[in-house]
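Here is a short tour of one protein chain. Keep the 3D view open while you read, and look for each residue as it comes up.

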Amino acid sequence: MDPITHQLVLPHKPGTKAADLQKLATEFEAVFLAQMLKSAGLGKAPTGFGGGTGEDQFTSFLLAEQARAMAKNGGIGLAEHIFKSLKGGME
């Protein structure tokens, strides 16, 4: 399974806590950021000195972790907007 394109499952339980919604929103932002990093070409091997197929296989994991770290540290603010939207739907 490609960690960049894994699916997020929205909690539909009546007792969903704000912390769960925040975690979900942050993970969604991480997936979004990973896609943006991938589209920007981050993680592509330089021509001439590439790591071959092994590097290609693990690039998606690197991008996913970099995006997760970015999202946990504020990211681009997408998680906050998603959290407010999800929280508003729960009230």
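## The chain as a whole

Of the 91 residues in the protein chain, 25% count as buried. Buried means under 20% relative accessible area, exposed means over 50%, and partly exposed lies in between (1.4 Å probe, protein chains only). This is a predicted model: local features need pLDDT of at least 70, side-chain atom pairs count only at pLDDT 80 or more, and totals for chains, interfaces and linings use all residues. Residues are numbered from 1 along each chain as its sequence is written, and side-chain values use heavy atoms, with hydrogens and water left out.

The secondary structure comes to three helices and zero strands. From the N terminus on, the elements run α-α-α. Helices (H or I, at least four residues) and strands (E, at least two) are DSSP runs, numbered from the N terminus.

The accessible surface of the chain comes to about 6400 Å². Carbon and sulfur atoms hold 61% of that surface. These areas come from the Shrake-Rupley method with a 1.4 Å probe; for residues, only the protein chains shown count as cover.

Now consider contacts, meaning heavy atoms within 4.5 Å. Take the contacts in the chain with a separation of 6 or more: residues 24 or more positions apart account for 81% of them.

Helix H1 covers residues 18–39. At 1.5 Å a residue, its 22 residues should span 32 Å, and the end C-alpha atoms are 32 Å apart, which agrees. The expected span is 1.5 Å times one less than the number of residues. Just after H1, glycine 41 takes a positive phi of about 90 degrees.

Which residues of H1 are buried? They are Leu21, Leu24, Ala25, Thr26, Glu27, Glu29, Ala30, Val31, Leu33, Ala34 and Leu37.

Look at leucine 33. Its relative accessible area is 5%, so leucine 33 is buried. Leaving aside neighbours within four places in sequence, leucine 33 is in contact with Ala67, Met70, Ala71, Gly75 and Ile76. Leucine 33 and isoleucine 76 are 43 residues apart in sequence, yet 8.6 Å apart in space, C-alpha to C-alpha.

Threonine 26 also lies in H1. Its relative accessible area is 16%, so threonine 26 counts as buried. With neighbours within four places in sequence left aside, threonine 26 is in contact with Ala71, Lys72 and Ala79. Lysine 72 itself lies in helix H2. Lysine 72 and glutamate 29 are 43 residues apart in sequence and 9.1 Å apart in space, C-alpha to C-alpha.

## Salt bridges

A salt bridge is a side-chain nitrogen of Lys or Arg within 4 Å of a carboxyl oxygen of Asp or Glu. How many salt bridges does a search of the whole structure find? It finds two.

| Salt bridge | N to O distance |
|---|---|
| Arginine 68 and glutamate 27 | 3.4 Å |
| Arginine 68 and glutamate 65 | 2.4 Å |

Arginine 68 lies in helix H2 and glutamate 27 in helix H1, so this pair ties together parts that are 41 residues apart in sequence. Arginine 68 and glutamate 65 both lie in H2, three residues apart, about one turn of the helix. Together, Glu27, Glu65 and Arg68 are linked in a network of salt bridges.

## On the surface

Is lysine 72 buried or exposed? At 64% relative accessibility, lysine 72 counts as exposed. Glutamate 65 is partly exposed, at 47%.

Phe28, Phe32, Met36 and Ile76 form a nonpolar patch on the surface. Together they have about 380 Å² of accessible area. Patches are made of residues with over 30% relative accessible area and no salt bridge: like charges are joined within 9 Å, nonpolar side chains (Val, Leu, Ile, Met, Phe, Trp, Tyr) within 5 Å. Phenylalanine 32 lies in H1. At 34% relative accessibility, phenylalanine 32 counts as partly exposed.

## One aromatic pair

Rings of Phe, Tyr and Trp (its six-membered ring) pair if their centres lie within 6.5 Å; planes under 30 degrees apart count as stacked, over 60 as edge-to-face and the rest as tilted. By this rule there is one aromatic pair. Phenylalanine 58 and phenylalanine 61 form this tilted pair, 5.8 Å centre to centre with 40 degrees between the planes. The two are three residues apart in helix H2 (residues 52–72), so about one helical turn separates them. Phenylalanine 58 is exposed, at 56% relative accessibility, whereas phenylalanine 61 is partly exposed, at 41%.
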